[in-house]
Amino acid sequence: MPDPVAILWAMAAAGAVAALVLLACSRLREAAVTGGALAVGLGFLAGAWMLGFHPRSLLATDQERLLLVVVPLAVAVESWLARVSLSPARGALLRGSLALAAGPLVLLGSVYLTGGAGGWSGWERLLYLLALGMLILIPWLSLMRLQQLGPSPAIGMALAATSLAAGITTMLSGYASAGQLALPLAAALVAAALIIQTATSPGMPGAVGVGWICLAGILVIGRFFGSLTTLHGLLLGATPLLCWLAEYRPLSAWHIWPRRLLLVALILLPLGTVVWQAQGSFVAHSGSPLPGAGPAPSMQDYLDFGR
Amino acid sequence: MRYAMTSVMVLALGLVSVARADEYALDPAHAAFDFKIQHLGLSWTSGRFNAVEGAFRIDPKPADCAFAVTMQTESIDSGNKQRDDHLRSPDWFNAKQHPQITFKSTAVKPVDGGYEVTGDFSMHGVTKPVSLVLKGGGSAEFPKGVQRTGFTGSTVLKRSEFGMNTMVGPIGDDVQLSVSFEGIKK
């Protein structure tokens with residue numbers, strides 16, 4: 001359960017692993033382009049491990065399927081695409097295949113696919129999985145295209161900020177262990193973006209691609225296994241796309257710092273709104289104690305109890 | 001006289017041999033599957049599963065009795081929406097992955113005033129044998145023309161044995177499960 005100290009350690013571990021992987025890859029000429037994808041993927045997994053993710057099998061839980069199957073596949077796809085020169089259409093096809101497979105993989109064995117109470121019927125299954133695949137694929141391709149237009153750490157930072165907000169919102173939406181996974185993801189993305197920027201490494205597209213899949217995966221499990229609302233999930237998923245605004249007038253004509261500041265404000269606005277709403281809903285449904293008796297206990301209060 | 005005695009004995013034996021098992025469907029309106037778990041070692045927080053279905057067979061031979069119950073995990077209700085959302089998540093029951101909690105008896109023994117029922121209890125993807133004593137078994141006709149019987153019992157489970165390890169400590173590991181239900185004769 002959310003323990004700030006454990007989360008900070010996990011974020012530190014994720015950032016350190018991401019940084020070390022990037023630095024190691026940058027020394028190996030051929031591996032440099034794959035460094036970003038590997039760094040974010042391994043950093044995320046290291047952070048998850050620090051938070052107590054110790055898998056019992058490969059496919060039993062949603063988190064195992066995300067962390068042990070979908071994320072490694074994303075790392076493999078982005079690493080491969082970074083090394084070979086494929087046409088944009090073929091690249092999109094490969095990413096599309098993974099995006100379409102990600103939904104069924106994460107939801108494997110759940111009522112959504114087995115048709116139990118609260119699950120999907122045959123047509124719903126097809127429709128929703130297709131929609132889910134598109135909701136993963138379109139931002140993925142869009143962010144990759146934006147990253148190609150101008151190498152900048154902005155997208156990585158936007159993904160990191162969104163991961164932080166997604167983590168807090170998912171925790172407040174009743175799925176604590178999934179939400180806290182997003183925090184080391186944010187740390188891995190920040191470390192990757194900073195190192196790639198300072199070392200002018202070519203690995204940023206891979207970092208963005210893998211970072212997006214990790215973030216989308218957390219939103220999917222938060223929505224379908226926790227109580228993250230569809231609206232919050234969609235808003236969080238769409239927020240990194242606001243980076244596109246910097247490419248169009250009037251922002252594109254601005255000097256870099258005012259432009260960056262406005263972009264930060266534009267990104268923080270929806271993220272802050274979502275977190276604020278989730279917090280309000282959490283408080284409203286928590287059954288607060290008697291008036292004047294102080295705030296409702298947090299999960300941290302439970303962890304600290306008896307210490 | 002001897003002929004008459006033999007006739008009575010044959011008739012009695014015949015009655016025993018034709019005594020049939022009674023099949024019952026669980027009456028969800030008169031079924032309570034409640035749990036209690038300790039909070040900070042100070043008090044007990046209770047909840048229930050609102051959606052329950054099942055069936056049972058009462059046989060003159062107790063070993064041939066059988067009980068089967070299914071609870072919908074999603075229907076958990078502890079009287080606090082935020083807590084229920086968390087209980088449904090994979091941190092606890094993982095309701096979307098394990099939508100049902102089931103019990104199916106494997107052995108029934110008679111005890112004073114009821115039965116000792118042993119069976120397979122499946123929860124959170126783990127199946128373990130569980131025993132409980134069900135007391136009752138009286139019968140009533142309610143409403144007219146509807147035969148019903150009922151039982152009450154309880155048992156204690158360790159949630160960690162079912163892979164549910166969240167916050168063991170402040171939230172107790174032992175879960176007291178109490179059941180009380182009526183069945184309508186089919």
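**A walk through a predicted two-chain model**

In chain B, the side chains of Asp27(B) and Arg148(B) meet in a salt bridge, with 2.9 Å from N to O; the term stands for a side-chain nitrogen of Lys or Arg within 4 Å of a carboxyl oxygen of Asp or Glu. This pair links distant parts of the chain, since Asp27(B) belongs to strand 1 (residues 22-39) and Arg148(B) to strand 9 (residues 147-158), 121 residues apart. Helices (H or I, at least four residues) and strands (E, at least two) are DSSP runs, numbered from the N terminus. Side chains of opposite charge can pair when their charged atoms come close, and over all chains the structure holds nine salt bridges.

This is a predicted model, in which local features need pLDDT of at least 70 and side-chain atom pairs count only at pLDDT 80 or more, whereas totals for chains, interfaces and linings use all residues. Residues are numbered from 1 along each chain as its sequence is written, chains are lettered from A and ligands numbered from 1 in the order in which they are written, and side-chain values use heavy atoms, with hydrogens and water left out.

Two loops of chain B have backbone features that can be found in the model. Leu40(B), in the loop between strand 1 and strand 2 (43-49) of chain B, has a positive phi of about 60 degrees although it is not a glycine. In the loop between strand 8 and strand 9 of chain B lies Pro143(B), which is joined to Phe142(B) by a cis peptide bond with an omega of about -15 degrees.

Where do chain A and chain B meet, and with how many residues? Contact, meaning heavy atoms within 4.5 Å, is made by 27 residues of chain A with 21 residues of chain B. The buried area, which is the accessible area (1.4 Å probe) that two parts lose on being put together, summed over both, is about 2000 Å² between the two chains, and carbon and sulfur atoms give 58% of it. Across this interface the rule finds zero salt bridges, while eight residue pairs are in polar contact, both residues at pLDDT 80 or more. A polar contact is a pair of N or O atoms within 3.5 Å; within protein, one must be able to donate a hydrogen and the other to accept it, and residues adjacent in sequence count only if both atoms are side-chain atoms. On the side of chain A that touches chain B, two or more residues come from each of helix 3, helix 5 (111-114), helix 8 (176-199), helix 11 (256-285) and helix 12 (299-304) of chain A, and the largest share, three residues, comes from helix 11. By class, this side has 15 nonpolar, 10 polar and two charged residues, where Ala, Val, Leu, Ile, Met, Phe, Trp, Tyr, Cys and Pro count as nonpolar, Asp, Glu, Lys and Arg as charged, and the others, Gly among them, as polar.Rolling a probe the size of a water molecule over the atoms shows where empty space is left. On a 1 Å grid over the protein atoms alone, a cavity is a set of points where a 1.4 Å probe fits but cannot get out, and a pocket is an open set with protein on both sides within 12 Å along at least five of seven lines; lining residues have an atom within 4 Å of a point. The second largest pocket is lined by 33 residues, of which Gly52(A), Ser177(A), Pro90(B), Gly163(B) and Thr166(B) lie nearest its centre. Helix 3 and helix 8 of chain A each supply at least two residues of this lining, which by class has 14 nonpolar, 15 polar and four charged residues.

The largest cavity is lined by 15 residues, with Phe33(B), Val69(B), Phe103(B), Leu132(B) and Val179(B) nearest its centre. The lining of this cavity has 14 nonpolar, one polar and no charged residues. For the second largest cavity, helix 9 of chain A gives the most to the lining, with four residues.
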